[in-house]
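Please take a moment with the sequence and the model below before reading on.

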Amino acid sequence: MRIIFMGTPDFSVPVLDALVRAEHEIAAVYCQPPRPAGRGKKDRPTPVHARALALGLDVRHPNSLKSPEEQASFAALYADIAVVVAYGLILPQPILDAPTHGCLNIHASLLPRWRGAAPIHRAIMAGDVQTGVCIMQMEAGLDTGPVLLREATDIGIEETTAQLHDRLSDMGAALIVEALAKLHSLTPDPQPDEGVTYAAKIDKAEARIDWSAPASEVDRKIRGLSPFPGAWTEVEGNRIKLLASRLAEGRGTPGEVLDDHLRVACGEGAVELLRLQRAGKGAQDRETFLRGWPMPAGTRLSSE
């Protein structure tokens with residue numbers, strides 16, 4: 001099929017690769033424009049942009065798709081279908097209507113649960129035991145279109161957003177190839193009105209750990225916000241990111257380190273911290289971190 005691919009971050013790259021391996025014709029790749037990044041704040045291409053250039057594909061990165069000129073340029077590609085995954089721009093109706101078979105979106109949740117910007121983070125933070133990927137026929141609403149294919153997967157009890165992100169990306173890549181192969185025989189399944197939830201964009205302000213919360217909530221926040229923006233706490237005025245954890249036995253004053261293995265008391269129960277990061281340093285596993293910064297039993301982690 002002749003496909004317009006629309007995606008921007010790392011999550012989208014395996015999907016582009018899968019479409020190329022399946023020998024679909026990529027008419028053009030749309031992604032977000034390069035942004036300033038790194039210490040020099042030089043414009044850096046997005047992951048999809050970089051991968052598309054490496055594959056020798058036509059790359060386009062308009063700031064908006066609202067102008068008649070951009071919409072005409074898009075339509076002039078005469079695509080059979082557009083595949084959209086974490087693109088980052090709202091698609092106006094003329095864009096949705098331009099390809100012969102419309103636009104398909106790869107969404108990392110089991111719709112209608114977790115429509116919106118951060119479905120992977122929110123699924124872990126909410127304590128969902130299962131998530132998945134949906135191939136959805138796009139329409140004007142926010143992730144409201146009918147679902148063509150879906151695949152579920154269990155969320156591991158110690159799984160972080162980074163780990164689940166990679167699994168769902170690979171699942172989405174395989175599922176879209178299957179959907180395109182079966183496109184003419186798939187029946188769109190309208191989403192029910194019941195069970196709709198919205199995955200609001202992650203706000204850095206929600207990343208600070210409240211040690212008075214139950215251990216299950218603290219653990220989910222740590223794993224759900226790893227690696228970005230990273231849940232954090234303070235020790236003697238120093239900010240530390242917490243990037244991996246698991247539930248543990250124990251009780252004490254909330255925020256109190258209970259032993260030499262970074263078991264920390266919460267409002268109910270305790271968590272064991274497994275991976276941490278000091279300001280200006282790389283992420284470290286617990287043992288390496290403690291060699292550079294011992295935190296014996298009785299150390300207090302601050303929630304204020």
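This is a predicted model: local features need pLDDT of at least 70, side-chain atom pairs count only at pLDDT 80 or more; totals for chains, interfaces and linings use all residues.

Residues are numbered from 1 along each chain as its sequence is written, and side-chain values use heavy atoms, with hydrogens and water left out.

**The chain as a whole**

The secondary structure of the protein chain comes to eight helices and 16 strands, where helices (H or I, at least four residues) and strands (E, at least two) are DSSP runs numbered from the N terminus. Along its principal axes, the C-alpha trace spans about 65 × 50 × 30 Å. Of the 304 residues, 49% count as buried; buried means under 20% relative accessible area, exposed over 50%, and partly exposed in between, with a 1.4 Å probe and protein chains only. Among contacts (heavy atoms within 4.5 Å) with a separation of 6 or more, 64% are accounted for by residues 24 or more positions apart. The chain exposes about 14600 Å², of which carbon and sulfur atoms supply 50%, the areas coming from the Shrake-Rupley method with a 1.4 Å probe and, for residues, only the protein chains shown counting as cover.

**Backbone features**

Most residues other than glycine have a negative phi, and most peptide bonds are trans. The table lists departures from this pattern in the chain.

| Site | Feature | Value |
|---|---|---|
| Ser-226 and Pro-227 | cis peptide bond | omega about 10 degrees |
| Phe-228 and Pro-229 | cis peptide bond | omega about 0 degrees |
| Tyr-78 | positive phi | about 50 degrees |
| Asp-143 | positive phi | near 55 degrees |

Pro-227 is placed in the loop between helix 7 (215-224) and strand 12 (231-235), and Pro-229 also has its place in the loop between helix 7 and strand 12. Tyr-78 belongs to the loop between helix 3 (68-75) and strand 6 (81-85) and is exposed, with a relative accessible area of 67%. Asp-143, in the loop between strand 9 (130-137) and strand 10 (147-154), counts as buried at 12% relative accessibility.

Which residues does Ser-12 touch, leaving aside its neighbours within four places in sequence? They are Phe-5, Gly-7, Val-48, Val-85 and Ala-86; Ser-12 itself is found in the loop between strand 1 (2-7) and helix 1, where it counts as buried at 0% relative accessibility.

Leu-91 sits in the loop between strand 6 and helix 4 (93-97) and is buried, with a relative accessible area of 8%. Leaving aside neighbours within four places in sequence, Leu-91 is in contact with Met-6, Leu-65, Val-84, Leu-96, Cys-103 and Met-138.

**A pair of helices**

Two packed helices are described by the angle between their axes and the distance between the axes. The axes of helix 1 (residues 13-21) and helix 6 (residues 161-181) come within 8 Å and cross at roughly 35 degrees; axes are lines fitted to C-alpha atoms, for helices over the stretch in contact, and angles run from 0 to 180 degrees between N-to-C directions. In this contact, helix 1 contributes Pro-14, Val-15, Ala-18 and Leu-19, while the residues from helix 6 are Ser-169, Asp-170, Gly-172, Ala-173, Ile-176, Val-177 and Leu-180.
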